[in-house]
Amino acid sequence: EITPPMAFIIKGVYYVFPNLSAFDLKLQAAHGLALAEGYLLSVPLYWLLYTGIMITAGSLIMERREFP
């Protein structure tokens, strides 16, 4: 049984780490399946958004540190 605190942690991890399976197109290529309309636009936008958020978060964290 998953307790509410554990469910909260799992949900947090789900949102922090990227969904790398969105970039895997082997199945569609192997079976000749068509991609959904807009898929090839949404995946790079997802990458840009995630990367932008991570760079911004890293910059904000490192901004407070003092390096010798």
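**Aromatic pairs**

Tutor: A search of the whole structure finds two aromatic pairs. This is a predicted model, in which local features need pLDDT of at least 70 and side-chain atom pairs count only at pLDDT 80 or more, while totals for chains, interfaces and linings use all residues. Residues are numbered from 1 along each chain as its sequence is written, and side-chain values use heavy atoms, with hydrogens and water left out.

Student: Why is the pair of tyrosine 14 and tyrosine 15 called edge-to-face?

Tutor: Rings of Phe, Tyr and Trp (its six-membered ring) pair if their centres lie within 6.5 Å; planes under 30 degrees apart are stacked, over 60 edge-to-face, and the rest tilted. The centres of tyrosine 14 and tyrosine 15 are 5.1 Å apart with 80° between the planes, so the pair is edge-to-face.

Student: What makes the pair of phenylalanine 23 and tyrosine 46 tilted?

Tutor: The centre-to-centre value is 6.1 Å and the angle between the planes is 35°, so the rings pair and count as tilted.

Student: Why does this pair tie together parts that are 23 residues apart in sequence?

Tutor: Phenylalanine 23 lies in the loop between helix 1 and helix 2 (26–31), and tyrosine 46 lies in helix 3. Helices here are DSSP runs (H or I, at least four residues), numbered from the N terminus.

Student: Why is tyrosine 14 called exposed, and tyrosine 46 partly exposed?

Tutor: Buried means under 20% relative accessible area, exposed over 50%, and partly exposed in between (1.4 Å probe, protein chains only). Tyrosine 14 has 60%, so this residue is exposed; tyrosine 46, at 30%, is therefore partly exposed.

Note on methods: Helices (H or I, at least four residues) and strands (E, at least two) are DSSP runs, numbered from the N terminus.
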